[in-house]
Amino acid sequence: MGAESFFFYLFGVIVLAGALGVVVMSNPVYSAISLVLCFFALAGEYVLLHAHFVAAAQVLVYAGAIMVLFLFVIMLMNPTPADAREAGGSALLGWLLGGLFFAAIFVALITARLPGSLPVRSEVSGYFGSVEQIGAELFTRYLWPFETAGVILLVGIVGVVVLARLHRKEG
Amino acid sequence: MHAVLAPSFTSADFWAIAPVTFLVFCGLAVLLLDAFFPRREHEWLAYLSIASLLLTGALASWLQGCASREALSGMLLTDPLSHFAVLTLLVAAALSCISSLGYLREMRADRAEYYGLLLLCTAGAMLMVQAGDLVMIFLGLETMSIALYVLVAMRPDNRLSTEASLKYFLLGAFTSALLLFGMALVYGGSGGQTNLGEILATLQSSSAGTSPVVLIAGAILVLLGFLFKVAVVPFHMWAPDVYLGAPTNVTAFMATGVKAAAFVVLLRLVGLSSAMTVFRGHLADVLWVLAALSMTVGNLVALQQTSVKRMLAYSSITHAGYMLVGVLTFLTSSGELATRGTGSVLFYLVAYVLMNLGAFGVVALLGREGEEGDNLQCFKGLSRNRPLVALAMAVLMFSLAGIPPSAGFMGKFYLFAAGLKAGYVWLVVLALLNSAISVFYYLRVVMLMYMQQPEGEYRKAETCQVCASCGLALTSLGVVLLGILPGGFLHYALESARSLLP
């Protein structure tokens, strides 16, 4: 096993553990910290893919800015830890169905004859993944999606303002 | 030094994005106008919104001549199919705006942001139907959905509305995750393509070393996402609750415009999937079962509803099942028959849009003082109190049931004829049986309106309902016209459908 696949599996395990922690932890602060862990390991995977800029953005934007906001909101709201026992029978059903689904996918995956290798783009140069290339792609080929993303953010902001003001008395 | 792609933005690109950009600016203008000129009543913004929707339609039709088939490096398609879908969407949004006149004030939900968000939502749906790239499909879908989550929650102090919004949000987020994961798999499996045309080219030259398993897994997830959005059984659980809780005019737009947009994208994706020969047969089997289930389950549950909104929600699941017959025809046949399958879906979509906008419009007209008029009781003896509204509702119900001469009948006729030609005899028989069952619950409304005495005093509306009634008249006239003279329109639908074939 080469160093690259070693780090791939290492980061992969951390990503999965972090993601599982987000769902399983009963204290929302722990969930948020697990998410930070998940994001950091994901950034590691990006580095392995030569996507250095994306990795840096992942750490700065997600693990940094967004998670700090998450933690702020969680601490402002100060929610009580969720009690898993309240769910009762439906939790059992959930585990059962989830387990069955997992088993089905697992069986399908090991019986499916996956082709040996995925198509590989041969021409990966040092230029790949650089800020320069991402900028060039964003403003040429992906110009229209880039502009549309702005509309999505705007709709989100307007929506939040509307929902926040919805229950305030008029006048 | 590396070669940097030269930015290219031609005038053809500009004309291609002009309609949707115009609509986005109109949405922003409506939002800002309310901030600068606040008034207690916001009906003037409704008129402005209707005008901007119509102008967008005119602009799109005018520019259709000078635009090429795709623009902005294949991100945006301006083929006849997307033009057809855009016009359908704009009509749906405009009619939903008309039905909100009066209704929103009656519901104490008259807010200026409603109109701005509706325009932005329509722009998102336009982006989605015009998308020539998986990235754009996703971005359009998100723009549309985020606006819808808010629109659904617009009724203040109403638990049903909040519940509907939360349900729609959670399932929408789930769907987006499926869709995005599927898109990532398709990207990996096709050798790094997101452009629909390039993916198709890769699929057709299957010796190019693509990996079918990853591609198929991706295609399944992407299709699943859109089957959720068009609400076919078993992905329909959200629809009745969301349709019931949302303000009626929003429900009208969700059941028509949004569904039409999702169906058009579904057609594009199914067109791609039919190039995967291994996958095509299996997909056809699955769609067959989904179509049969949707028709039957939707119908049987609709029989038991006492709320007309819920009844229409289940009936919309049934209609999605009927339309899957046309999608199946498109998937498994080639040449002229495939065009007929798609064309009949497009024709039915327009008929369906008109019928449902009208029916939800009637429900909106009956809303009084913060209470919805969607209970079957509200329709008792309506022909005495509001003869014209009752007449329009009767026309729409006959059309939904598929009784000639109406758009619903012609639409079903074309769909089932194409399905029979493609060899789906049993599915068409099931669809016909289901149409017969559906007559019962549609005509129950007509019977209540015409053969029963009104219960209690008829409450007059506080607001002027002239405009909303005019919208109702337009939809019923459209339904009758499409039923009597379907030829020209069918030709248009078939011409639009032709652009889907490579």
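So, at what angle do the axes of helix H3 and helix H14 of chain B cross? Keep in mind that this is a predicted model. The answer is roughly 5 degrees, with the axes coming within 10 Å; H3 covers residues 80-100 of chain B, and H14 covers 336-365. Angles under 35 degrees count as roughly parallel, so that's what we call H3(B) and H14(B).

Who's touching whom? On the H3(B) side you'll find, among others, Leu81(B), Phe84(B), Val91(B) and Leu95(B), and the H14(B) side includes Leu346(B), Val350(B), Leu357(B) and Gly361(B). Sorted by class, this contact has 11 nonpolar residues, four polar ones and no charged ones.

Two helices of chain B give two or more residues each: H12, residues 277-302, and H18, residues 425-451. H18(B) has the largest share, with four residues, while Leu293(B) sits in H12.

Most residues other than glycine have a negative phi, and most peptide bonds are trans. Now look at Val233(B) and Pro234(B): they're joined by a cis bond, omega about 5 degrees. Pro234(B) is in the loop between helices H9 and H10 of chain B. Pro404(B) and Pro405(B) have a cis bond as well, with omega about -5 degrees, and Pro405(B) falls in the loop between H16 and H17 of chain B. And then Ser73(B), not a glycine, has a positive phi of about 45 degrees; look for Ser73(B) in the loop between strands E1 and E2 of chain B.

Notes. Residues numbered from 1 in each chain as written. Chains lettered and ligands numbered in written order. Predicted model: local features only at pLDDT ≥ 70, side-chain atom pairs only at ≥ 80, totals over all residues. Heavy atoms only, no water. Axes fitted to C-alpha atoms, helices over the stretch in contact; angles between N-to-C directions. Parallel < 35°, antiparallel > 145°, perpendicular 65-115°, else oblique. Contact = heavy atoms within 4.5 Å. Nonpolar A, V, L, I, M, F, W, Y, C, P; charged D, E, K, R; others polar.
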